[in-house]
Amino acid sequence: MSARTHGLGRVGIWAADFDHLSAPEVRKAAAAVEDLGFGTLWFPEITGREAMAQAAILLAATRHITVASGMTDIYARDPVTAAAAQRTLEEAYPGRFLLGLWESHASLAQGVRGHRSGPALATMRTYLDALDNAPFGPPDTVASPNRVLAALDPGMLALAAERARGATVLGMPVEYTRAARAVLEDDGLLTITQLCVLSHDHADTADLARTTAAAALPNRHDLLRGLGHEDPNALDSRLVDALVAHGRAEDIAHRVQEHFDAGADHVSLHLVTTTPDSPPVRQWEQLAVHLPV
């Protein structure tokens with residue numbers, strides 16, 4: 001195992017649907033992920049639970065698994081508050097919390113949170129400067145480098161290499177993992193979140209895979225064209241298959257290995273189901289059998 005993955009393990013779970021669950025259900029699901037041997041439990045922050053509070057719930061419900069706020073919205077809290085929260089969680093759960101920062105979307109930053117959104121790279125750089133210089137937090141704690149940037153475009157990847165432990169890339173084909181590794185070079189941590197739909201019959205997953213791929217398209221068009229998908233809006237089967245690993249557990253495990261071969265250090269699985277209000281524990285069990293957890 002690479003030193004870059006220290007504390008993360010090789011494979012994790014991206015819990016995109018935890019905001020559909022009650023707090024007791026979240027605690028039970030988090031414990032299940034840990035018991036199955038996955039190394040890291042990731043979650044996003046969009047319009048559900050506040051990220052640092054959610055992280056505290058997950059850390060308290062588990063014993064040793066790393067908890068990663070993979071998309072902590074930089075418009076949701078000022079950097080001084082974010083630094084104090086990160087230091088608090090690290091004080092309470094040493095080595096178990098990974099902060100993943102996300103520059104949000106204008107519709108969320110402005111339409112939901114009421115902020116004026118700025119250029120992504122400049123805004124993130126300014127936020128990181130303030131985060132590193134934040135004066136508040138528990139006694140005897142200092143600014144922590146244990147963070148990653150949620151990155152898609154090469155500019156954000158380069159900033160992640162410069163100012164963070166590395167980058168986390170959500171919902172892109174294997175070819176982009178190879179490109180991201182080139183930007184991060186040998187030192188940067190590269191974590192990948194793979195969209196997936198699990199079923200014993202590949203044909204049964206086609207519709208949900210297509211819907212999942214369509215939802216991922218809006219902010220990926222240019223990047224996908226650069227990877228040879230000339231008309232992403234056509235959403236042909238080649239593009240759906242590139243974005244979403246679907247079929248048997250063995251098929252998804254094969255895709256995970258392709259990401260490793262392309263330069264990923266850690267892969268988290270964003271398992272999409274037709275029942276987001278029910279944690280897919282049995283499907284996680286099936287995947288754990290075939291993965292290096």
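1. Aspartate 140, at 83% relative accessibility, counts as exposed; here exposed means over 50% relative accessible area, buried under 20% and partly exposed in between, with a 1.4 Å probe and protein chains only. The residue is placed in the loop between helix 5 (120-132) and strand 5 (147-150). Most residues other than glycine have a negative phi. Helices (H or I, at least four residues) and strands (E, at least two) are DSSP runs, numbered from the N terminus.

2. On provenance, this is a predicted model, in which local features need pLDDT of at least 70 and side-chain atom pairs count only at pLDDT 80 or more, while totals for chains, interfaces and linings use all residues. Residues are numbered from 1 along each chain as its sequence is written, and side-chain values use heavy atoms, with hydrogens and water left out.

3. Leucine 235 sits in the loop between helix 9 (221-226) and helix 10 (237-243). Is leucine 235 buried or exposed? At 5% relative accessibility, leucine 235 counts as buried.

4. Strand 1 (residues 11-14) is covered on both faces: Val11 and Ile13 on one side, and Gly12 and Trp14 on the other, are all buried. Strand 1 runs parallel to strand 9 (residues 266-271), to which 3 bridges join it; two strands pair if DSSP finds at least two bridges between them. Glycine 12 stands opposite serine 268 in strand 9. Strand 1 also pairs with strand 2 (residues 40-44) in the parallel sense, over 3 bridges, and the bridge partner of isoleucine 13 in strand 2 is leucine 41.

5. Strand 3 (residues 66-73) contains methionine 71, which is buried with a relative accessible area of 11%. Contact, meaning heavy atoms within 4.5 Å, is made by methionine 71 with Trp14, Phe43, Pro44, Glu45, Gly100, Trp102, Ala150 and Leu170, not counting residues up to four places away in sequence. The C-alpha atoms of methionine 71 and histidine 290 are separated by 27 Å, the two residues being 219 residues apart along the chain.

6. Strand 3 and strand 4 run parallel and are joined by 5 bridges. Serine 69 stands opposite leucine 99 in strand 4. Strand 4 (residues 97-102) is mostly covered, with 6 of its 6 residues buried. Phe97, Leu99 and Leu101 lie on one side of strand 4, and Leu98, Gly100 and Trp102 on the other.

7. Glutamine 86 lies in helix 3 (residues 79-92) and is buried, with a relative accessible area of 2%. Which residues does glutamine 86 contact, leaving aside its neighbours within four places in sequence? They are Met52, Phe97, Leu99, Ser144 and Asn146.

8. Helix 3 and helix 5 pack at an angle of about 55 degrees, with their axes 8 Å apart. That makes helix 3 oblique to helix 5. Axes are lines fitted to C-alpha atoms, for helices over the stretch in contact, and angles run from 0 to 180 degrees between N-to-C directions. Angles under 35 degrees count as roughly parallel, over 145 as roughly antiparallel, 65 to 115 as roughly perpendicular and the rest as oblique. Pro79, Ala82, Ala83 and Arg87 in helix 3 meet Tyr127, Ala130 and Leu131 in helix 5. By class, this contact of helix 3 with helix 5 has 6 nonpolar, no polar and 1 charged residues; Ala, Val, Leu, Ile, Met, Phe, Trp, Tyr, Cys and Pro count as nonpolar, Asp, Glu, Lys and Arg as charged, and the others, Gly among them, as polar.

9. The axes of helix 6 (residues 154-163) and helix 7 (residues 174-184) come within 9 Å and cross at roughly 45 degrees; helix 6 and helix 7 are therefore oblique to each other. Pro154, Leu157, Ala158, Ala160 and Ala161 in helix 6 meet Tyr176, Ala180, Val183 and Leu184 in helix 7. The residues of this contact of helix 6 with helix 7 divide into 9 nonpolar, no polar and no charged.

10. Strand 8 (residues 244-247) pairs with strand 7 (residues 189-198) in the parallel sense over 4 bridges. The bridge partner of cysteine 196 in strand 8 is alanine 245. Both faces of strand 8 are covered, Val244 and His246 on one side and Ala245 and Gly247 on the other all being buried.
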